[in-house]
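Hi everyone, thanks for coming along. I have one chain to show you today, so let me put it on the screen and then talk you through it.

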Amino acid sequence: MIYKIFWALRAVLYAPFFGKFGFPGYLGKPLFLMGIKKVFIGKKVRIFPHLRLEVHRSGTIHIQDDVVISQNVHITSAGNLVIGKSSLILANVFITNIDHDYEEIGKHVVKQEYLLKDTVIGENCYIGMGSAIMAGTVLGKQCVVGANSVVRGEFPDYCVIVGAPARIVKKFNPETQKWEKVN
């Protein structure tokens with residue numbers, strides 16, 4: 001528990017370098033930070049060690065209130081990227097709104113244009129360990145992403161998404177008040 005006191009102090013020290021860093025909250029020792037003046041973090045956000053956070057060009061990252069980000073998470077943006085309030089992101093997750101174009105043969109992929117699509121994680125989502133949330137993904141409220149899933153596309157509120165590529169396997173039925181399998 002004492003380590004969280006140091007993480008809270010680190011958050012206070014790093015806060016002026018962010019676009020916004022709400023308090024209370026804490027920040028474990030980050031691995032790499034770039035362009036964080038365009039990162040806006042809400043209140044009660046808990047970030048565990050080894051975060052890699054990158055903002056390129058005119059991108060932004062908005063992490064809303066009460067989000068938990070576990071260790072070894074990589075978030076990169078050159079467009080608009082939002083993580084909704086009260087979401088939980090487990091370890092070793094990758095979240096982006098960038099794809100690299102690869103159309104030009106003989107030209108290194110890194111030297112080709114970015115393909116940008118907004119990425120939005122809805123409120124109260126649960127992102128399982130090792131998942132990749134790819135450019136253009138929009139998750140509704142309280143979506144659950146299974147471990148090691150590769151997610152791209154739009155998904156409605158209250159669904160369970162698993163696989164590579166990810167697909168919906170359960171939805172919450174408001175009439176029965178139960179999570180039901182999807183065929």
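**Charges, overall form, and one aspartate**

Let's begin with the charges: the chain carries 22 positive and 14 negative ones, and their mean positions lie 9 Å apart. Please keep in mind throughout that we are looking at a predicted model.

Now the fold as a whole. The chain has 24 strands and one helix. Its C-alpha trace spans about 50 × 50 × 20 Å along the principal axes. What about the radius of gyration? For 183 residues, a compact globule would come out near 16 Å, and the chain has 17 Å, so the two agree.

On contacts, take those between residues at least 6 apart in sequence: 15% of them join residues at least 24 apart.

And the surface? The accessible area comes to about 9,800 Å², with 58% of that belonging to carbon and sulfur atoms. Of the 183 residues, 45% count as buried.

That brings me to a residue I'd like you to zoom in on, aspartate 99, which is found in strand S13, residues 98–100. Is aspartate 99 buried or exposed? Its relative accessibility is 17%, and because the cut-off for buried is under 20%, aspartate 99 counts as buried.

Which residues does aspartate 99 touch, leaving out those up to four places away in sequence? They are Glu113, Tyr114, Leu115, Ala135 and Arg152. With arginine 152 there is also a polar contact, side chain to side chain, at 2.9 Å.

That's my tour, and I'm happy to go back to any part of it.

How values were computed:
Residues numbered from 1 in each chain as written. Predicted model: local features only at pLDDT ≥ 70, side-chain atom pairs only at ≥ 80, totals over all residues. Heavy atoms only, no water. Helix = DSSP H or I, 4+ residues; strand = E, 2+ residues; numbered from the N terminus. Buried < 20%, exposed > 50% of the residue type's maximum accessible area, 1.4 Å probe, protein only. Polar contact = N/O pair within 3.5 Å; in protein donor to acceptor, adjacent residues only side chain to side chain. Contact = heavy atoms within 4.5 Å. Rg over C-alpha atoms; globule rule 2.2 N^0.38 Å. Areas by Shrake-Rupley, 256 points an atom, 1.4 Å probe, with all protein chains shown as cover. Lys, Arg positive; Asp, Glu negative; His and termini not counted. Charge placed at Lys NZ, Arg CZ, Asp CG, Glu CD.
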